[in-house]
Amino acid sequence: MDYWFLLGVAGFFGLALGSLLNVLISRIPLMASRKLRVEAYDLLSIEPSVPSPLNLFFPRSHCPSCQTQIRIANLIPVVSWLALRGKCADCQQPISIRYPFVELATFLLVVLVVALNGISLEAGLLIGGIAILIVLSMIDWEQGTLPNELTYPLLFLGLLASVLIPSSRFVAPIGSAVIGAIAGYLSFWLLNHAFRLIRGRDAMGEGDFKLHSAIGAWVGWQLLPYVVVMAFALGMLYGVSELLRGRYSRDEGIRFGPFLAIAAIIVILLHEQLYNLIFLRF
């Protein structure tokens with residue numbers, strides 16, 4: 001297959017995948033919230049009202065402001081947002097820039113992965129892992145939560161990748177992956193426990209423990225410190241920028257998931273180079 005044609009197909013798939021990821025970002029928190037509400041009603045023996053169906057396919061995509069279904073012509077990734085100047089075609093309310101941002105980021109990352117690996121099992125696993133990291137980062141950015149429905153699949157997919165492609169340039173071997181998953185969870189748990197003893201409150205949530213564990217399954221224990229250092233550096237830069245603009249809140253702090261996800265994607269894509277840099281791959 002012609003190289004440029006292959007990248008064109010990858011780009012088209014990346015845009016379509018990015019559009020799907022936007023659906024996941026919007027609906028998974030709503031679905032998780034509804035599930036928790038139903039469980040609470042059952043625990044309290046309360047008969048809940050019958051809610052309208054909600055899943056990844058129903059209802060159709062609609063404007064969150066006026067609830068009008070979005071026309072198919074306005075569902076073209078990136079192009080539709082630009083053509084509508086970032087506003088709903090019906091009520092003219094702003095449409096979040098998150099939509100074209102996710103579509104463009106997914107487009108670029110899918111093209112990069114295919115350029116490095118071609119069409120292969122390795123490329124498919126990498127795209128799957130990166131896609132979950134994108135969704136998790138955006139959900140945490142907007143909602144301040146890291147759903148188990150995504151952190152657990154990310155963990156298992158990382159371990160599966162280490163088994164299926166043991167000689168990968170981007171994924172840790174199974175031994176390093178297992179230790180990385182355990183170390184990822186325990187290190188953040190211990191860090192948070194120490195912070196609670198000193199300051200009397202949590203420094204991070206359990207979702208951060210699980211995300212760090214899942215990332216450890218992908219990059220291995222040797223490269224996990226690189227993820228943490230990079231994530232803290234990105235978080236500090238963002239925190240300083242918010243402080244200078246007078247928007248930083250000490251009570252709310254900084255949602256760390258997006259920075260962990262960005263750092264993880266960078267370390268995964270530079271996996272071999274970082275191993276060679278620190279002489280850990282023989």
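In which helix do K210 and E206 both lie, and how many residues apart are they? Both belong to helix α7, which covers residues 206-244, and they are four residues apart, about one turn of the helix. The model discussed here is predicted.

## The pair in α7

The side chains of K210 and E206 meet in a salt bridge, with an N to O distance of 3.7 Å. An α-helix has 3.6 residues a turn, so residues three or four places apart point the same way. Side chains of opposite charge can pair when their charged atoms come close.

E206, at 44%, is partly exposed.

## Other salt bridges

A search of the whole structure finds five salt bridges. One of them joins D90 and R71, whose closest N and O atoms are 3.1 Å apart. D90 lies in the loop between α2 and α3, and R71 in the loop between α1 and α2, so the pair ties together parts that are 19 residues apart in sequence. D90 is partly exposed, with a relative accessible area of 39%, and R71 is also partly exposed, at 43%.

A salt bridge also links R196 to D202, with 2.8 Å between the closest N and O atoms. The relative accessibility of R196 is 37%, which counts as partly exposed. D202, at 42%, counts as partly exposed too.

## The second largest pocket

The second largest pocket holds about 880 Å³ of space. Its lining is made up of 41 residues, and those closest to the pocket centre are S61, H62, P64, I70 and Y99.

Three helices each supply at least two residues of this lining: α1 (3-43), α2 (79-83) and α3 (98-117). The largest share comes from α1, with seven residues. Sorted by class, the lining contains 19 nonpolar, 14 polar and eight charged residues.

## Helix α4

Helix α4 spans residues 121-143, 23 residues in total. From its first C-alpha to its last it reaches 33 Å, close to the 33 Å expected at 1.5 Å a residue.

This helix is mostly covered, with 17 of its 23 residues buried. After α4 comes G144, which has a positive phi near 70 degrees.

Note on methods
Residues numbered from 1 in each chain as written. Predicted model: local features only at pLDDT ≥ 70, side-chain atom pairs only at ≥ 80, totals over all residues. Heavy atoms only, no water. 1 Å grid on protein atoms, 1.4 Å probe; cavity = no way out; pocket = protein on both sides within 12 Å on 5 of 7 lines; lining within 4 Å. Points joined across faces, edges and corners; volume = space filled by probe spheres on them. Nonpolar A, V, L, I, M, F, W, Y, C, P; charged D, E, K, R; others polar. Expected span 1.5 Å × (residues − 1). Buried < 20%, exposed > 50% of the residue type's maximum accessible area, 1.4 Å probe, protein only. Salt bridge = Lys/Arg side-chain N within 4 Å of Asp/Glu carboxyl O.
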